[in-house]
Amino acid sequence: MSRPRVVVVGAGFAGYRATRTLSGLTRGTAGPLDIVLLNPTDYFLYLPLLPQVAAGVLEPRRVTVSLTGTLPRVRLVLGEADGIDLDARTVSYTGPEGDTGTLTYDRLVLAAGSVNKLLPIPGVAEHAHGFRGLPEALYLRDHVTRQVELASAAEDPATSAARCTFVVVGAGYTGTEVAAHGQLFTDALVRGQPHRTGLWPRWTLVDIAPRVLPEMDERLSRTADRVLRQRGVEIRTGTSVREATRDGVLLSDGDFVPTRTLVWCVGVRPDPLAEGLGLVMERGRLLVEPTLQVPGRPEVFVCGDAAAVPDLERPGQYTPMTAQHAWRQGRTAGRNVAASLGIGEPRVYRHRDLGFVVDLGGVKAAANPLGVPLSGPAAGAVTRGYHLAAMPGNRVRVAADWFLDAVLPRQGVQLGLVRSWSVPLDTASPETARVPGRPGPPEPGPPEQPPVEGTP
């Protein structure tokens, strides 16, 4: 008799943890499983440290963890899921070189994650870039470096000021950290420019909410607001974007901000893969039971950003789309898949928040571990300690990069590996950069200098 096959779609926080949990629980059992992980890349991305990649603190590989190196007894299939046939129990996918395939399953864990949230604002899709994947972070680091270098060489003061102005839309967790780290990064770049007279980087953080970090405790919000303002970051709350153009951003209050950089961090939406399954949805997420199983489809488990999981601590509500919930839901999903195959007992997902940490760069952070509000160096130490403990790999390398960043100047150079057109905002796969010849709508790259200079 063939071994039961479990297919896990996605290796984000939920998918990676589900696969790792399931692999551990079934190790040494009499009837081993065939565990297949379908993912566009061969790594798990530790997303909370991505702003440090964009700011030149960490090298890109530090925030990636090898799937094959940390998931023994798991077969990795590189590809993006195109569709799921629930009746036939199959998952179709497209590989990185355009090849297609189909995977059959006895159990399915859908952890496809999320993509950039889009709003119907003129010019945003053409001139903004998101911050959900490693290619976007690498692009932003190169782009910001280039803008500072071009601003230093520009003879027109207005052009120089526009190139040194950076607008981040969305003052949530990601946007706040991008602005905080970005300000420190550009300050360091300007200090290294020989013609820096009058060159002052300007970072603007925009959000329609009344405060930064609106979804978090107000004490964290006040700490982050104070640190950002002390560094010179302009915070514009109660404000949204009306239009984005090649030359700047028009805000809802009528102010036009000349800039060549628009970073879109307004939030995320579930991966579109779930929309075509014909299942009950809750605001774009698949509705699941507390065991993370789909009602009427007990062989299908959904976790992470793709799942609307009932919050048993707050009846009538659903758990938010955060990495903390995704990580813990992945563990529950792995245990329940094993239980459905006769290994252990099923459990419901129940979780109390352990607090949040927001890295503001340098020694500054805002944190409330176990509800205790912290700021300053103490919060910075807790924040970095939390990330080291949470990372499933690369801890020594990350700590080494932090030490080197503290004692050595950052390397402000362009690598030119990711172009503007290869990381469009409207993409269902922020994990991979678009390249010529890749399946999908053709996107020929524009000439390098003028278009790239004028777009974010």
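These questions and answers cover helices, helix packing and a few loop residues in a predicted model.

Me: Is H9 mostly covered or mostly open, and how many of its residues are buried?
Reply: Helix H9 runs over residues 323-340. It has 18 residues and reaches 25 Å, close to the 26 Å expected at 1.5 Å a residue. H9 is mostly covered, with a buried count of 14 of its 18 residues.

Me: Which residue with a positive phi follows H9?
Reply: H9 ends at residue 340. After the helix comes a glycine with phi near 95°. That residue is Gly342.

Me: Are H7 and H8 roughly parallel or roughly antiparallel?
Reply: Helix H7 covers residues 173-191 and helix H8 covers residues 218-231. Their axes lie 10 Å apart, at an angle of about 30°. Angles under 35 degrees count as roughly parallel. H7 and H8 are therefore roughly parallel.

Me: Which residues of H8 meet H7?
Reply: The crossing of these two helices, H7 and H8, is left-handed. By class, their contact has five nonpolar, two polar and one charged residues. From H7 come Thr176, Ala179, Ala180, Gln183 and Leu184. From H8 come Ala224, Leu228 and Arg231.

Me: What is the orientation of H5 and H7 to each other?
Reply: Helix H5 covers residues 134-153. Its axis comes within 10 Å of the H7 axis, and the two cross at roughly 40°. The crossing of H5 and H7 is right-handed. Given that angle, H5 and H7 are therefore oblique.

Me: Which residues of H7 meet H5?
Reply: H5 contributes Leu140, Arg141, Val144, Thr145 and Val148. By class, the contact of H5 with H7 has seven nonpolar, two polar and one charged residues. The H7 residues are Val178, Phe185, Thr186, Leu189 and Val190.

Me: Are H10 and H11 roughly parallel or roughly antiparallel?
Reply: Helix H10 covers residues 376-390 and helix H11 covers residues 395-407. They pack with axes 9 Å apart, at an angle of about 155°. An angle over 145 degrees counts as roughly antiparallel. So H10 and H11 are roughly antiparallel.

Me: Which residues of H11 make the contact with H10?
Reply: The crossing of H10 and H11 is right-handed. H10 brings Arg384, His387, Leu388 and Ala389. By class, the contact of H10 with H11 has five nonpolar, one polar and two charged residues. H11 brings Arg395, Val398, Ala399 and Trp402.

Me: Is Leu213 buried or exposed?
Reply: Leu213 sits in the loop between S12 and H8. Its phi is positive, near 45°, and it is not a glycine. Most residues other than glycine have a negative phi. With a relative accessible area of 0%, Leu213 is buried.

Me: Is Leu370 buried or exposed?
Reply: Leu370 lies in the loop between strand S25 (365-367) and strand S26 (374-375). Its phi is positive, about 55°, although it is not a glycine. The relative accessible area is 71%, so Leu370 is exposed.

Me: How far apart in space are Pro210 and Leu251, C-alpha to C-alpha?
Reply: Pro210 is in the loop between strand S12 (202-207) and H8. At 72% relative accessibility, Pro210 counts as exposed. Pro210 and Leu251 are 41 residues apart in sequence. Their C-alpha distance is 15 Å.

Me: What is the C-alpha distance between Tyr318 and Ala308?
Reply: Tyr318 is in the loop between strand S23 (307-308) and H9. Its relative accessibility is 27%, so Tyr318 counts as partly exposed. Tyr318 and Ala308 are 10 residues apart in sequence. In space, C-alpha to C-alpha, they are separated by 5.9 Å.

Me: Which residues is Tyr318 in contact with, leaving aside neighbours within four places in sequence?
Reply: Ala308 is one of them. Also on the list are Val309, Pro310 and Asp311.

Conventions: Residues are numbered from 1 along each chain as its sequence is written. This is a predicted model: local features need pLDDT of at least 70, side-chain atom pairs count only at pLDDT 80 or more; totals for chains, interfaces and linings use all residues. Side-chain values use heavy atoms; hydrogens and water are left out. Axes are lines fitted to C-alpha atoms, for helices over the stretch in contact, and angles run from 0 to 180 degrees between N-to-C directions. Helices (H or I, at least four residues) and strands (E, at least two) are DSSP runs, numbered from the N terminus. Angles under 35 degrees count as roughly parallel, over 145 as roughly antiparallel, 65 to 115 as roughly perpendicular and the rest as oblique. A crossing is left-handed if the near helix is turned anticlockwise from the far one by less than a right angle, and right-handed if clockwise. Contact means heavy atoms within 4.5 Å. Ala, Val, Leu, Ile, Met, Phe, Trp, Tyr, Cys and Pro count as nonpolar, Asp, Glu, Lys and Arg as charged, and the others, Gly among them, as polar. Buried means under 20% relative accessible area, exposed over 50%, partly exposed in between (1.4 Å probe, protein chains only). The expected span of a helix is 1.5 Å times one less than its number of residues.
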